[in-house]
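Dear colleague,

I am handing over the structure below, and my notes on helix packing and sheets follow it. Please read them with the coordinates open beside you.

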Amino acid sequence: MRHLLSAGDLSRDEANLILDTAEEMRSLADRPIKKLPALRGRTVVNLFFEDSTRTRISFEAAAKRLSADVINFSAKGSSVSKGESLKDTALTLQAMGADGVVCRHGASGAPHLLATSGWMTGAVVNAGDGTHEHPTQALLDAFTMRRHLGSLDGRRITIVGDVLHSRVARSNVLLLATLGAEVTVVAPPTLLPVDMSRWPCTTSYDFDAVLAKSDAVMMLRVQRERMGDAYFPSAREYTRRYGLDVHRMAQLPENAIVMHPGPMNRGMEISAEVADSTRSVIVEQVTNGVAVRMAVLYLLLSGSNESTEEPPA
Amino acid sequence: MSPAPVPVPRTVLDASDISRALTRIAHEILERNRGADPVVLLGVPTRGVGLATRISERIAAVEGQSVPTGSLDVTMYRDDIGLKPARALEHTDIPPGGIDGKVVVLVDDVLFSGRTIRAALDAIGDIGRPKAVQLAVLVDRGHRELPIRADYVGKNLPTSLLERVTVNLTEYDGADAVLIADKTGAAV
């Protein structure tokens with residue numbers, strides 16, 4: 001693994017390695033000194049061209065807990081607002097000696113371009129690109145599910161909402177399929193991509209029909225900023241057909257968990273009672289996010305890239 | 001025992017030798033610390049954890065009281081971390097009572113350069129402040145690169161740098177044995 005660009009690039013072994021490593025990283029939260037020396041002397045740049053609170057803070061905390069030096073870059077207030085190109089930004093980072101770049105960009109494929117263009121040599125972590133992918137979110141979701149459900153093999157995961165615009169949904173479907181889970185995506189027909197045949201999951205338009213067969217339900221945010229295009233008649237109708245309220249939650253199997261990548265629209269895709277219920281693991285997802293991102297940064301940045309060494313005697 | 005290199009793995013300690021060495025180490029730990037009260041055993045993965053568990057069983061048999069036993073992964077504290085490909089982490093399990101004010105006995109299979117133990121001392125420093133740290137190893141093969149020594153040694157084994165010492169334990173390898181082989185010899 002050189003970069004983390006897509007959840008689909010991960011083999012089952014690689015995904016499990018990241019999740020197992022995250023398990024060890026998570027125990028750090030119980031220690032008096034929440035710091036590990038693994039990335040001492042390495043520089044991680046948080047390159048955020050799009051607004052983000054939790055992802056950026058989570059990556060920042062993860063890198064700092066591993067003793068890396070962190071440089072935060074946001075497009076607002078930088079030379080990007082003067083018209084600097086992605087290439088020139090990358091060349092600047094390279095000149096500063098960035099070992100790892102965590103990139104969030106509004107354009108799908110921007111992290112891929114950074115990783116493959118040769119503009120810079122550091123490892124690239126995709127922290128969300130356009131409507132394409134958000135692999136660390138999928139990893140932290142899988143990590144959270146694994147802690148609650150045990151192995152994901154054969155588990156039935158339901159993802160509900162705006163699949164068309166959701167990078168979280170795409171990354172989750174790819175990763176969960178790799179880990180052996182059976183994924184169902186539920187959305188109004190207008191919010192599903194036209195061709196779902198290459199997605200390793202089943203689709204449904206009827207949320208109520210899949211409730212009883214779900215070990216975990218993941219609600220996606222209704223991206224209000226995109227809803228001007230009239231994908232559904234009204235917010236109330238969306239909530240009535242695809243929102244998770246207490247009545248729908250009551251139909252879930254006993255140990256099923258409720259997830260949401262945040263930020264939530266309470267009362268829209270998820271009711272406040274559900275979000276605050278004991279089945280909701282939404283706050284835990286944020287905690288786990290730091291551990292998973294530590295694992296990713298550790299595995300990408302801690303070693304040299306030559307794999308010739310034999311294990312120690 | 002002759003330190004001369006041999007082409008095929010040779011058994012230096014068999015199962016009963018290992019058992020006797022661990023029993024002796026358990027008694028020495030109790031004697032040195034005047035009982036089991038202050039002692040916390042921390043094994044260094046992977047073989048050290050199995051050895052720590054066995055020493056803990058022997059202490060329990062002698063004293064009638066169990067000592068807290070855990071494992072300590074030192075991967076992220078190694079001084080060669082940036083020189084090799086990223087390695088998977090092992091499990092760290094600190095006993096619930098913690099290590100503050102205790103006597104931590106680190107347990108490892110082979111003491112060689114001493115670099116693993118240096119890393120372990122750094123790792124301990126991030127977890128708490130023990131009253132003292134002691135070191136128990138099954139085999140001390142010499143060639144130290146740091147000023148580190150073991151307090152409890154199962155066997156001092158003079159070796160050449162060209163040789164490789166392997167500790168096999170039933171839990172991981174199916175049988176108990178300490179083997180020595182030429183580096184070019186049969187895979188061990």
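In chain A, helix α2(A) meets α11(A) through Arg54(A), Ser58(A), Phe59(A), Ala61(A), Ala62(A), Ala63(A) and Arg65(A), which face Val286(A), Gly289(A), Val290(A), Arg293(A), Met294(A) and Leu297(A) of α11(A). Sorted by class, this contact of α2(A) with α11(A) holds 8 nonpolar, 2 polar and 3 charged residues. Please keep in mind throughout that this is a predicted model. The axes of α2(A) and α11(A) come within 8 Å and cross at roughly 55 degrees, and because of that angle α2(A) is classed as oblique to α11(A). The crossing of these two helices, α2(A) and α11(A), is right-handed.

Helix α11(A), residues 282–301, also packs against α1(A), residues 12–26, where the two axes come within 8 Å and cross at roughly 120 degrees, so that α1(A) is likewise oblique to α11(A). Here too the crossing, of α1(A) past α11(A), is right-handed. On the side of α1(A) the contact involves Leu17(A), Ile18(A), Thr21(A), Ala22(A), Met25(A) and Arg26(A), and among their counterparts in α11(A) are Asn288(A), Ala291(A), Val292(A), Met294(A) and Leu299(A). The residues of the contact between α1(A) and α11(A) divide into 11 nonpolar, 2 polar and 1 charged. Met294(A) is listed in the contact with α1(A) and again in the contact with α2(A).

Turning to the sheet of chain A, its 4 strands form an open sheet in the order β2-β1-β3-β4, with parallel pairing. Strands β2 (69–74) and β4 (123–129) of chain A are the edge strands, each of them pairing on one side only, and neighbouring strands of this sheet are turned by 15 degrees against each other on average, direction ignored. Strand β3(A), residues 100–105, pairs with β4(A) in the parallel sense over 5 bridges, and His105(A) has Asp129(A) in β4(A) as its bridge partner. Helix α2(A), residues 54–65, which was described above for its contact with α11(A), lies across β1 (43–48), β2, β3 and β4 of chain A, and runs at about 180 degrees to β1(A).

Chain B has 4 helices and 8 strands, which follow one another from the N terminus as β-α-β-α-β-β-α-β-β-β-α-β. Its radius of gyration is 16 Å, close to the 16 Å that the globule rule gives for 188 residues, so chain B is as compact as a globular protein of that length. The C-alpha trace of chain B spans about 45 × 40 × 30 Å along its principal axes.

Within chain B, an open sheet of 5 strands has the order β3-β2-β4-β5-β6, again with parallel pairing. Because β3 (69–71) and β6 (152–156) of chain B stand at the edges with a single partner strand each, one side of each is left without a neighbour in the sheet. The twist from one strand to the next averages 25 degrees. Strands β2(B), residues 39–43, and β4(B), residues 103–111, run parallel and are joined by 5 bridges, with Val39(B) partnered by Val103(B) in β4(B). Helix α1(B), residues 15–32, packs on this sheet by touching β2, β4, β5 (132–140) and β6 of chain B, and its direction makes about 150 degrees with that of β6(B). Helix α3(B), residues 115–127, lies across β4 and β5 of chain B and runs at about 155 degrees to β4(B).

Definitions and conventions:
Residues are numbered from 1 along each chain as its sequence is written. Chains are lettered from A and ligands numbered from 1 in the order in which they are written. This is a predicted model: local features need pLDDT of at least 70, side-chain atom pairs count only at pLDDT 80 or more; totals for chains, interfaces and linings use all residues. Two strands pair if DSSP finds at least two bridges between them. Axes are lines fitted to C-alpha atoms, for helices over the stretch in contact, and angles run from 0 to 180 degrees between N-to-C directions. Two residues are in contact if their C-beta atoms, placed from the backbone, lie within 7 Å. Angles under 35 degrees count as roughly parallel, over 145 as roughly antiparallel, 65 to 115 as roughly perpendicular and the rest as oblique. A crossing is left-handed if the near helix is turned anticlockwise from the far one by less than a right angle, and right-handed if clockwise. Ala, Val, Leu, Ile, Met, Phe, Trp, Tyr, Cys and Pro count as nonpolar, Asp, Glu, Lys and Arg as charged, and the others, Gly among them, as polar. The radius of gyration is taken over C-alpha atoms; the globule rule is 2.2 Å times the number of residues to the power 0.38.
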